[in-house]
Amino acid sequence: MNYKIASDALRSKFAFSKEQQLRILKQLKKEGIKEAVILNTCNRTEAYCAGMEDGKAFQIMERILLEEAGVQNQSGVKECMLRFCKEGAIHHLFMVAAGLDSLVLGEDQILGQVKQAYFFSKELGYCSTTFNQLFRLAITAAKKVKTQTMLSKTSVSTASLALKQAKEALGELENKKLMIIGATGDIGSILLKDAFSIKKLQIFVTMRSNPSHELHSKKQDFTIVDYEKRYQYMEQMDVIISATKSPHYTVTKEQLSKHISCEKKRVLIDLAIPQDIEEAVKELPFVTYFSMEAMEGLAKENNKKKESYVPEAKELLREYEEEFIKGYLYRENKESLDRVKQNILKSQQEDNLEQQMERLLFLIKKESLSKI
């Protein structure tokens, strides 16, 4: 389920926590799925499974995901769930890892998220030979795309688009004040890095406890705000961007209205699924609000500039996809090939080369037919 066919509201139901992902993995394994990986980002929730006939696997995957999402009324929901199998599933993963299926074409963040999803499953024992090879090749191919094509030379993320949106709304960001809620997360860390490049932008970062080593070690100047006191600083802010994985609002209309009084234009941008910022804040005077859906327009403009680089990237991916498929087919048919090999070795003293080739073709055909 992704941003292409499902709304923010629907995707928020499938924004699974790590605990939920673990429950899904356990249930998939319990019902006969041999290998499984759950990829969960702000723009997509995907389950990759192997080791079972496709039709049956789809039924199991669909049921478990819907149950974990707490979806009772499935009307209209199943239509928003994409399904891929065999080569289609392989190709989809390679496209996703390389950022070619992203809202922001060629963005870098998704590769790290694919790696995290794979390592999470692998460390828990939900990946074996097939997925170890599949995900390693997908990750390697994605790195090649980023280093060998122009997609990486014009890298744009959702975070940088958010800053661009804020600049367009305010006219400039120099001498403005920005608050980032969730700066240590996947999107927030990129946002913080991009914000550092804007001259004279004053940056405020919320923290729930003591500053993490990652933030504390950064040499750039920014102010750390206790998360519980965040509203007290919002009176000063020109831009507030939230990108957490919290199941609750980080900014509500009621609390924001109590803490802002001066009549100046403010931009609030929500980069989280489920939503961090209550949409009703846009009803407050002088407040401009943007959600993830609002980023789509900017993303389309960015994507047009990058579309010419896509064919080269796809061709590079195709080589790695074929490498995986060949390796997979070899492993699947190794016993048959070993039997063919032994038969040829037994007859090599009796047959000439042409006869051996004929025997090889016959045995391969025989082994193939036996699998039908």
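Let's start at Lys 253, which counts as partly exposed at 27% relative accessibility (buried is under 20% relative accessible area, exposed over 50%, partly exposed in between, using a 1.4 Å probe and protein chains only). This is a predicted model, where local features need pLDDT of at least 70, side-chain atom pairs count only at pLDDT 80 or more, and totals for chains, interfaces and linings use all residues. Residues are numbered from 1 along each chain as its sequence is written, and side-chain values use heavy atoms, leaving out hydrogens and water.

Lys 253 forms a salt bridge with Glu 283, their closest N and O atoms being 2.7 Å apart (a salt bridge is a side-chain nitrogen of Lys or Arg within 4 Å of a carboxyl oxygen of Asp or Glu). This pair links distant parts of the chain, 30 residues apart: Lys 253 sits in helix H11 (residues 253–259), Glu 283 in the loop between strand E7 (266–270) and strand E8 (287–290). Helices (H or I, at least four residues) and strands (E, at least two) are DSSP runs, numbered from the N terminus. Glu 283 counts as exposed, at 55% relative accessibility.

Stay in helix H11 and you'll find Lys 258 and Glu 254, 4 residues apart, about one turn of the helix. Their side chains meet in a salt bridge too, at 3.6 Å from N to O. Lys 258 is exposed at 54%, and Glu 254 is exposed at 51%.

Now for a buried pair: Glu 46 and Arg 44 are both buried, and they form a salt bridge with closest N and O atoms 2.9 Å apart. They belong to a network of salt bridges that links Lys 4, Arg 44, Glu 46 and Asp 101.
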